[in-house]
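Please look at the sequence and the structure below before reading on. The report then goes through them part by part.

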Amino acid sequence: MTAPTLMVVVQRYGDIAGGGAEAHARAVVQRLRPYFNVEVATTTARDYWTWANEFTPGLNAVDGVPVHRFPVERGRSRDFRLRERRAFSETHTLADERAFVEAQGPVAPDLLEHVHRRGRAVDHVLFFTYIYYPTVLGLPLAPERAVLVPTAHDEPAIRLAIYKPVFCAPRAIAFNTAEERAMVHGLFRNERVPNEVVGVGVDVPAGRSADRFRQRYAIEGPYFLYVGRIVESKQCGQLFDAFARWQDSRGMRATLVLMGHREMPVPDRPDIRLLGRTSDEDKFDALAGCVALVQPSLLESLSIIALEAWACGRPVICDARSPVVWGMTYRAGAGLAYRSAAEYAEISEMLIARPQLASRLGASGQSFVARTYTWPRVVEAYLDLFAEVRARNA
Amino acid sequence: VSDILIVVQRFGDEVVGGSEGHARVVASRLARSHRVEVATTTAADYWTWAPYYPAGTSELDGLRVHRFAVAEGRDPEFKSFEAKVLNGEHALADEGEWLRRQGPHCPELLEFLKDDGGRYDAVLFYTYIYEPTALGVPIVPERAALISTAHDEAPLRLAPYRALFQLPRAFGFLTPEERDLVHRTFRNEHIPYETLGLGLDAPGPYDAAAFRAAHQLEGPLVLYLGQVSEGKGCDELLAAWSAYRSRPTARPATLVLAGTLRMEVPDRRDVVAIGRIPDAEKYSALAAVDALVLPSRFESLGIVLLEAWQVGTPAVVRADNPVTAGQVARSGGGVTYRDARGFGDALDRAIAARDALGSAGRAWVGRESSWDAFDARLAQLVALTIE
């Protein structure tokens, strides 16, 4: 018997910078290869902002998997911010919503033709990310075999009417977290669509060394770690303020280590260390030795770095307003959340002062990750969802 | 008491059409226990969608009716464009274009659904094929019921309808055959549904003898009631009738065609075309004949069969029309035929067993199409949509 066929549709694919959902798609493709004849349908874009045509259109292979790339007819439009404001305004029209999706890009009509024709010749079509053109216009072309990985968080776009079919028409939905599922069900009343919290598997290397990290970057004493793009939209500004106020007001000394691409000003002070983009080895070494990982972002559908911190046995400090990160941290019993700069300081001091508490929270996170976010469980969850799709279409 | 909106492409006294008629009946029945409003267009004609009613909010049957201007009616070149989309090489985008060119293109109705749809507990959409439904259900899928009135026709497979049939919270089907077609085509068996059928008023007084006398009809009679056209299968009916009558064993009988003539009818003594008859005369005609024949291949709900059974007259229908053959199978009120040869045998059997078949049909229609039974099915559809 030949393996069932699976088409994966995603806005970008391959060797590209950043992109949680795209990296997620590629990792899932690798893990599902043993069970399906997998093919990927994507665009020629490499950059998530411009969507400029950088890859060659046509059929090639990534990690040995066939990838069909279709040209981007229009990337992000120059008046995107205007289109976005209009679509998000109270009095917007349906035409404003369509204009927003097109202005956001990547507009790739040939990709839609491909989903239209090829999509119904395969057993399953897996769409990554609810928000972009390929999913918004592609999923309705093969709804009876579509599985959606929304990677959604609560943001203005998800409240537009144009996204309702994306969440109500597919055959199944693979959520990243229980919190994402609750939010989507609250917005769309689509509980009827079969679904599962699937997420991703987290792999951490053995031989992590905090000492190696401290030596390489000359870091002494207790330190907290932030990993990710350093941008205002992830609440990094608030984090810097809270950290600086804490350090400037009282005794307990600590360092805030930042790993990731800087896209905003970072205060120039000795206790905030900007390391820029680093290797995976540095990241896991740093995780091994931190007091805690700090995840200030409010808009995450799944914080992979938090899962990695837990897998390394370290706790997470997060903003109590973040429904996903705090929801997961709370369920996992694997960290603490702050509601103010004062609470942020108190939590930080408590974790420095009570290393056993920090380690206990970290260990609790480790077992949470082992229960849910491991590849064998993720693969099994996908196989179950796909089996259900096939059974219904048989 | 719930707030219910009914969306339908046309609505009004001047509107003739099966699904629009059903929508109007459903609106009136639901208004007995709910607050019901209607959202529709300014069109009265299903082909041109030319503006006929003024835009704005008015009242009909005691209901608030919101009418929105038709921005574009049917494209004059629609037929040739459709031929390309249904049979020729075309792009995906042409399938969306086909929907728009079919009309009525009515963007204000869609904006109304986006802005005001949330005021209603349930929104019932009529007829899958037109733009107000195809683009309207995706705006309020969380409260939508789709009364699709689907036939097995080529447009059902076009791209604009693929997601449509996965979206509503519930379906209202006119017949079990429509349900089977939709399930087979879209594999959406998991969406709750109710098979609505129709409710009918009791026939009231009728006089079979007066009908025979008025039209000077004698002996065994077979009635066709409806528009006399090739589209309705009347050409095949006449050919089958001619074959039946030329059998050596043929008994005397007359085929009565009651309806507007839209085709040539052969000039022969055993075929009598009496033109369209007034509604008041309908039940007298049905009661006066030995059998009703309904030769059409496509029918979303054979209402005339139900009416024949109300007065105990058996029906003769095509075996390859799943809807009417299904109605006959469920009611036991008639006979089916496969071809011109079988037609004669079916007719003989129907005439010979008129009383038994007729009373089976009468009992079935009394059960299935009473207002109580219909209202209960409607209530179930509303409950499935809201819960």
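Predicted model: local features only at pLDDT ≥ 70, side-chain atom pairs only at ≥ 80, totals over all residues.

Residues are numbered from 1 along each chain as its sequence is written, chains are lettered from A and ligands numbered from 1 in the order in which they are written, and side-chain values use heavy atoms, with hydrogens and water left out.

## The interface

Contact means heavy atoms within 4.5 Å. By this rule, 26 residues of chain A touch 28 residues of chain B. The buried area is the accessible area (1.4 Å probe) that two parts lose on being put together, summed over both. Between chain A and chain B it is about 2,200 Å², and carbon and sulfur atoms give 50% of this. On the side of chain A, the residues that lose the most area to chain B are A:L94, A:R189 and A:R192, which together make up 31% of what that side buries.

A salt bridge is a side-chain nitrogen of Lys or Arg within 4 Å of a carboxyl oxygen of Asp or Glu. The count between the two chains is 1 salt bridge. A:K164 and B:E142 form a salt bridge through their side chains, at 3.2 Å from N to O.

Helices (H or I, at least four residues) and strands (E, at least two) are DSSP runs, numbered from the N terminus. Four helices of chain A, namely α3 (94–104), α4 (109–118), α6 (164–168) and α15 (375–393), each supply at least two residues of the side that touches chain B. The largest share, 4 residues, comes from α4(A).

## Two sheets

Strands of a sheet pair through backbone hydrogen bonds, either parallel or antiparallel. Here two strands pair if DSSP finds at least two bridges between them. The table lists two open sheets.

| Chain | Strand order | Pairing |
|---|---|---|
| chain B | β3-β4-β2-β1-β5-β6-β7-β8, 8 strands | mixed |
| chain A | β11-β10-β9-β12-β13-β14, 6 strands | parallel |

In the sheet of chain B, β3 (56–60) and β8 (193–195) are the edge strands, each pairing on one side only. Within this chain, β2 (residues 35–41) and β4 (residues 63–68) pair in the parallel sense over 5 bridges. B:T40 has B:R67 in β4(B) as its bridge partner.

In chain A, β13 (residues 316–319) runs parallel to β14(A), and 4 bridges join them. A:V316 stands opposite A:G335 of β14(A).

## Backbone sites

Which residues does a cis peptide bond join in chain A? They are A:G105 and A:P106, with omega about -10 degrees. A:P106 lies in the loop between α3 and α4 of chain A. In chain B, the peptide bond from B:G103 to B:P104 is cis, with omega near -10 degrees. B:P104 sits in the loop between α3 (92–102) and α4 (107–116) of chain B.

B:T127 is not a glycine, yet it has a positive phi of about 75 degrees. This residue, B:T127, is in the loop between β5 (122–126) and α5 (131–134) of chain B.
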